[in-house]
Amino acid sequence: MFGKLLSHPILHGIITTAIVIGVLLCVFPDVIAPLSWVVNYAVQLMLLYLLAGIVFLFAKQPRLTFSFFGGCVLLCFYLKYSVNINGVEGIRQQKAQERQNESPSPQPQVADLTIAHLNLTNVSSRSEVTSVVEAIDADVFFFHEVTPNWEQLLRDSFLNSHPYNHTMLDIGLYGMSVLSKHKLQNIDTLYFNEIPNLKGQIEANEIPFNFISVHTRPALDEFSKKRLREHLNLVEKKVALAEGPMLVVGEFNAVSWSDQIRAFLDNAGLIESRTGFMPTSVAGRVSIWDLPLDHIFYSGEFVCTSFLNIEGRQGQHLGILGTYHFIKHRHHAKKTAQ
């Protein structure tokens with residue numbers, strides 16, 4: 001009886017239509033604005049289609065199997081070509097390699113930076129922050145949603161390990177702190193509609209690295225999407241004005257494959273640190289439910305050698321951790337110093 005129901009052409013049509021609608025909502029999220037949030041769950045939807053296809057394969061329902069596998073394949077291509085097939089990435093990496101090969105200097109300066117981003121709202125206790133920071137021991141920590149109580153804790157607990165720090169407090173959710181093992185300089189705050197962003201430089205091995213710490217509001221409707229694009233446009237301008245390597249870190253409240261993030265990366269000439277849709281955590285676990293809303297973007301002078309999620313004691317998402325390799329030849333370093 002159940003097999004006959006599954007074989008009914010009307011049911012096939014309804015299910016296939018639902019699959020196509022799911023794919024279209026991910027590929028063209030702005031067509032139906034109230035449902036544009038579906039694009040955030042494109043990975044989960046792709047895995048659901050894959051699982052359903054396997055189920056109907058064993059149930060000997062070839063049409064439904066084909067429909068679900070077809071939807072899975074379409075979302076695979078969409079995600080693949082939305083996240084990492086970025087012409088900017090290939091060009092910048094090629095140019096960086098060309099500069100490296102053409103340089104007459106036989107002795108390069110090598111700098112590796114480990115960058116961590118943590119959202120304190122997701123932390124269950126103060127001791128959890130201490131244990132996470134000590135376990136990761138990154139060169140630079142970017143903390144978001146920092147309150148006055150958190151500021152005092154961060155400053156007192158990590159003064160010895162990260163002596164350079166700067167905090168920008170905000171009465172809302174936009175307080176930020178930077179803790180660094182390396183010297184911080186040229187720190188400034190830039191605002192978008194009263195939302196603060198931090199920018200400055202980290203000097204490691206006598207090489208200044210630019211950074212911008214960003215926290216945007218969620219894009220839930222057409223108005224908020226426009227606001228997000230305008231916020232990212234401001235960051236793009238600051239990236240264009242900066243000289244030297246650039247890291248842009250923070251809470252973007254948009255997934256890697258969203259139109260807003262893709263346009264931002266293309267316009268700013270930056271690269272996404274994530275190379276997959278479900279990065280492993282520092283503890284070695286993989287979660288299919290975490291949405292990639294926090295990011296570390298970097299310029300072509302860097303190579304990202306590692307990228308991991310940071311989890312709390314209860315398995316909740318706390319932030320992200322990336323390691324970045326940079327080679328700068330000595331005659332270039334002297335120019336920077338001058």
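Let's start with helix H8, which covers residues 222-241 in this predicted model. Its 20 residues reach 29 Å from the first C-alpha to the last, close to the 28 Å expected at 1.5 Å a residue. Buried residues in H8 include Ser224, Lys225, Arg227, Leu228 and His231, and Leu232, Val235, Glu236 and Val239 are buried too. What sits over them? The cover includes strands E5 (183-192), E6 (195-204), E7 (207-215) and E8 (246-251), along with helix H9 (259-268).

| Helix | Residue count | First to last C-alpha | Expected span |
|---|---|---|---|
| H8 | 20 residues | 29 Å | 28 Å |
| H3 | 17 residues | 25 Å | 24 Å |

In H3 (residues 42-58), the buried set is Ala42, Val43, Gln44, Leu45, Met46, Tyr49, Ala52, Gly53 and Phe56.

The axes of H2 (residues 9-27) and H3 come within 10 Å and cross at roughly 155°. Angles over 145 degrees count as roughly antiparallel, so that's how H2 and H3 run relative to each other. Their crossing is left-handed.

Which residues make the contact between H2 and H3? From H2 come Ala18, Ile19, Gly22, Val23 and Cys26, and they meet Ala42, Leu45 and Tyr49 of H3. By class, that contact has 7 nonpolar residues, 1 polar and no charged ones. On the H3 side, Ala42, Leu45 and Tyr49 are also buried.

Conventions: Residues are numbered from 1 along each chain as its sequence is written. This is a predicted model: local features need pLDDT of at least 70, side-chain atom pairs count only at pLDDT 80 or more; totals for chains, interfaces and linings use all residues. Side-chain values use heavy atoms; hydrogens and water are left out. Axes are lines fitted to C-alpha atoms, for helices over the stretch in contact, and angles run from 0 to 180 degrees between N-to-C directions. Helices (H or I, at least four residues) and strands (E, at least two) are DSSP runs, numbered from the N terminus. Angles under 35 degrees count as roughly parallel, over 145 as roughly antiparallel, 65 to 115 as roughly perpendicular and the rest as oblique. A crossing is left-handed if the near helix is turned anticlockwise from the far one by less than a right angle, and right-handed if clockwise. Contact means heavy atoms within 4.5 Å. Ala, Val, Leu, Ile, Met, Phe, Trp, Tyr, Cys and Pro count as nonpolar, Asp, Glu, Lys and Arg as charged, and the others, Gly among them, as polar. The expected span of a helix is 1.5 Å times one less than its number of residues. Buried means under 20% relative accessible area, exposed over 50%, partly exposed in between (1.4 Å probe, protein chains only).
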